[in-house]
Amino acid sequence: MTTATPTRAEREAKLEGMGCKRKRVEDIRFTQGRGNYIDDLKLPGMLFGDFVRSPYAHARVKRIDTSKALKVPGVLAVLTAEELKGVNLAWMPTLAGDVQMVLADGKVLFQNQEVAFVVAEDRYAAADGVEAVEVEYEELPVIVDPFKSMALDAPVLREDLAGKTSGTHGPRKHHNHIFEWSVGDKAGTDAAFQNAEVKIKELISYHRTHPSPLETCQCVAAFDKVKGELTVHGTFQAPHVIRTVASLLSKIPEHKVHVISPDIGGGFGNKVGAYPGYICAIVASIVTGKPVKWVEDRIENLTSTSFARDYHMTTEIAATRDGKVTGLRVYALTDHGGFDACANPSKFPAGFFSIVTGSYDFPVAHAVVDAVYTNKAPGGVAYRCSLRVTEAAYAIERGMDILAQKLNMDPAELRLKNFIRREQFPYQSALGWEYDSGDYHTALNKAMEAVGYRQLRAEQAAKRAAFKRGETREIMGVGVSFFTEIVGAGPSRNCDILGLAMFDSCEIRVHPTGAAMARMGSKSQGQGHETTYAQIIASEIGIPADDIMIEEGNTDTAPYGIGTFGSRSTPVAGAAIAMASRKIRNKAQMIAAYMLEVHEGDLEWDIDGFRVKGLPERFKGMKEIAWAAYNSPPPGMEPGLEAVSYYDPPNMTFPFGAYICVMDIDVDTGVYKVRRFYALDDCGTRINPMIIEGQVHGGLTEAFAIAMGQEIRYDEIGNVLTGSFQDFFVPTAVETPHWETDHTVTPSPHHPIGAKGVGESPNVGGVPAFSNAVNDAFSFLGSTHIQMPHDYWRNWMAAKRLGLHE
Amino acid sequence: MKASENVGENAMAKAHLKMKVNGREVEGLVEPRRLLIHFLREDLALTGAHIGCDTTHCGACTVDLDGKSVKSCTMFAVQAEGASITTIEGMANADGSLHPLQEGFRMEHGLQCGFCTPGMILRAHRLLQENPNPSEEEIRFGISGNLCRCTGYQNIVKAIQYAAAKMGGAACKEAAE
């Protein structure tokens, strides 16, 4: 039998390594209904827990009567704060250094706050039990508007903090104040503004919204009394963090806590934190000795487990008359709801808001973040963005447009004039970051050319003239956004959560037959890690991706990691994969040298094995090497072929992109039409272009939702007005625009494979692109800034305010 | 924790139920208020259809019932008495090969977290029964009762077009033979 030797291209193709549009491994099970999500789990004897929630936003809890509930058929028990106090769990720590009530302890601070937990034989009986719990409330005055939070006569929200003039993040200046955080050169910035030829100042609000993954937050807790072990299956983006927190809170030793995150139906930041549902399910399981499932419904999800944004940013830019920026000053008033439950690294109470200088070469800047409590749900999480980065990007990208308007300059020209230039990288920003790499001019120029930017502006000018002549009632906006993200948290010298350094990890085992398995500290929620991680390994050690299994989410088997959020999987876990792979390749090289009877240094790597330099026919493939590694290793070498890497990144990564949105708005109805949306992303090295494109589509759709209507809105007494998918805008296929994607490639110089992360870029860059398009449409009518979200009604209102309906 | 003495006293009268699911006769004993989605997922262990919103908006629970797309979270199990239901578990061909829609969703990257996928495929299946060669606009309108938070729908549209082309091709081939 003769077989043709495969060509190098064939060998390369067989690996399906980095850069290839490999089809997803996960899809095999998902398309057949064989996914394994939390609510699919059914353990023997499993009970079901459900919450009694507060109808009031702020009230004293006078009395809880569970007696009728306990008579409901199927109801086994009811937990209240009193019971939780017995195990010291009525309150729990948040990831942001605050504490949060697990169940209402004396009062409630937001509508739908957890008041009691009913445990029953099934979900129907639990719901019956919830109905039968009687709670007597005494209403208290409500604060919904963060701007009223620190009024002298504002009601005290957090009585537990009475007399505490200092919190985790420094001094508190008012009973409803959480922290003030500032960064930059105040004196220098003040001086820049004093000397400025041109200044703009605008309150730019990023409204409250919610990540709302299609699968809500849920868990099954199972305590084994005999073994003293706790197993928690849950929708956890960060399973190891949950294990450590569960161990610390429950006092069960960490090796006896098993946390399992199976398939997760989307996360978008919603599933990073620890919620009362998890604690109650765990306590209920310890008490009953049976597994307890807790599944949020959609209303509970939208109104209690986290929110995102609610940042109100007074943004000032100083510039010269010819459009060179000379200073940036931002004051952000931020609403964290009843408890500060952000998922920020400990030293960054406002996340990475200091990326607010964006893509521009600001000589000096100063930012202040003032955080307050209100009677709204606690948070806020990073909804498909690195921590507080989308807020920062929105402030600077709206700010630059407002400056352009004031200068009567084209917004794209203003950006090109102020970009950090390619040769300035690595670039030290005025607020303390070292941007790793970038080529902003190339990206924006490519984007402008792709959409025919000059022609669009000419068309807009003609339309504006026609509008003024009364020939049309439609206005046209061109929204330009150029964002720089900061992702991949992060270096242990400044990034930790509750003291846990933010490294990530990978363990690879190559089996004797040359197939492999890799276990990870990260956790996919739809990003396709099982597909893309295998591609990295395939390229690094020459084993076909199809022969590599990726396992995530089981804390018993996976190496410790901080999980998947803030676009950190590729920058941190992806780097750990490359480093672990390289350890394996190093060992493989020694084995190959022994097999080929040459010195290691005489070998070179070639796609899927090692060959002797200058003697191409003397070659050992990884498959053979793997067999030898176990069964005939060189004398003195330990058998086996596996490696583990814990990767502590030297820096964050800084993906960027240029987005352009073209929109038409009817001023009489407020109805908009997205004519075109072009997104150019530079995420460094591209692992799987198909998956990148999918991520960009999804992120843009979420950005579209947020900018054009999606919000968590409250009335003046703290009732949630957008608590279901009836009112909370999630676009369908009909509203969602068509997306055009493009890219440039500027690898990260400090990342082993040069990748930067992409999942969140489209949300960060997309929101300002949409908002700038709406604002650009109205700008020629004397409008400077219209607040998001830009739904039909608000567009109509904007037109009305501008006198267009008279 | 206060304990109750009501263990096992769940006394609501139950209804006997018969239906055909994925070509198989099934029966059950359910409370009249039991939702079809819970009957499918918990009693029949067909966990492919999911629950995403509880208010009939998201379509993750979509199944095919007597030739119509139905959101099984908005129907009582007893209302499906005598019906014939297809779920995602019944979509693959008898030989185990995938339905063109299942194949199309993978080939065109029409899914990410996979949570909406079973409902989306079932809806697309009915859409293609009603309109074998839909335009992009018709597809977008046709799946507008099903929400996806991950993909932005663009690749879902392509996946359905892939299946339509493949199924149309197969039909033409059969006709020619």
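Predicted model: local features only at pLDDT ≥ 70, side-chain atom pairs only at ≥ 80, totals over all residues.
One pair of facing residues is A:Leu603 and A:Val612, the latter in strand 29 of chain A. Three residues lie between strand 28 and strand 29 of chain A, and the two strands form a hairpin. In its turn sits A:Ile607, with a positive phi of about 65 degrees.

Strand 29 of chain A also pairs with strand 30 (residues 615-621) of chain A. This pairing is antiparallel too, over four bridges. Here A:Gly609 has A:Gly621 of strand 30 of chain A as its bridge partner. Strand 29 and strand 30 of chain A form a hairpin with two residues between them. The turn holds A:Gly614, which has a positive phi of about 80 degrees.

## Helix 15 against helix 16

Next come two helices of chain A: helix 15 (residues 569-596) and helix 16 (residues 622-631). How do they cross? Their axes come within 10 Å and cross at roughly 90 degrees. An angle from 65 to 115 degrees counts as roughly perpendicular, so helix 15 and helix 16 of chain A are roughly perpendicular to each other.

Helix 15 of chain A brings A:Ala588, A:Ile591, A:Ala592 and A:Met595 to the contact. Helix 16 of chain A meets them with A:Met622, A:Ile625, A:Ala628 and A:Ala629. By class, the contact has eight nonpolar residues, no polar and no charged.

## Helix 11 against helix 12

Helix 11 (residues 411-418) and helix 12 (residues 440-451) of chain A pack at an angle of about 160 degrees. Their axes are 10 Å apart. Angles over 145 degrees count as roughly antiparallel, and helix 11 and helix 12 of chain A are therefore roughly antiparallel to each other. Helix 11 of chain A passes helix 12 of chain A in a left-handed crossing.

Which residues make the contact? From helix 11 of chain A come A:Ala412, A:Arg415 and A:Leu416. From helix 12 of chain A come A:His441, A:Leu444 and A:Met448. This contact of helix 11 with helix 12 of chain A has four nonpolar residues, one polar and one charged.

## Domains of chain A

The domain assignment divides chain A into domain 1 (38-140 + 216-264 + 271-303), domain 2 (308-489 + 652-801) and domain 3 (504-647). Taken over C-alpha atoms, the centres of domain 1 and domain 3 of chain A are 41 Å apart. Domain 1 of chain A gives 15 residues to their contact, and domain 3 of chain A gives 13 residues.

On the side of domain 1 that touches domain 3, two elements of chain A give two or more residues: helix 7 (239-250) and strand 15 (257-260). Helix 7 of chain A gives the most, with four residues. This side of domain 1 of chain A has nine nonpolar, four polar and two charged residues.

## Where chain A meets chain B

How many residues of chain A are in contact with chain B? There are 57, and they touch 54 residues of chain B. Four elements of chain A each supply at least two residues to its side: helix 2 (27-30), strand 3 (75-79), helix 5 (123-132) and helix 17 (689-708). Helix 17 of chain A has the largest share, six residues.

Methods
Residues numbered from 1 in each chain as written. Chains lettered and ligands numbered in written order. Contact = placed C-beta atoms within 7 Å. Axes fitted to C-alpha atoms, helices over the stretch in contact; angles between N-to-C directions. Parallel < 35°, antiparallel > 145°, perpendicular 65-115°, else oblique. Left-handed = near helix turned anticlockwise from the far one by under 90°. Nonpolar A, V, L, I, M, F, W, Y, C, P; charged D, E, K, R; others polar. Pairing = 2+ DSSP bridges. Domains from an automatic or database assignment.
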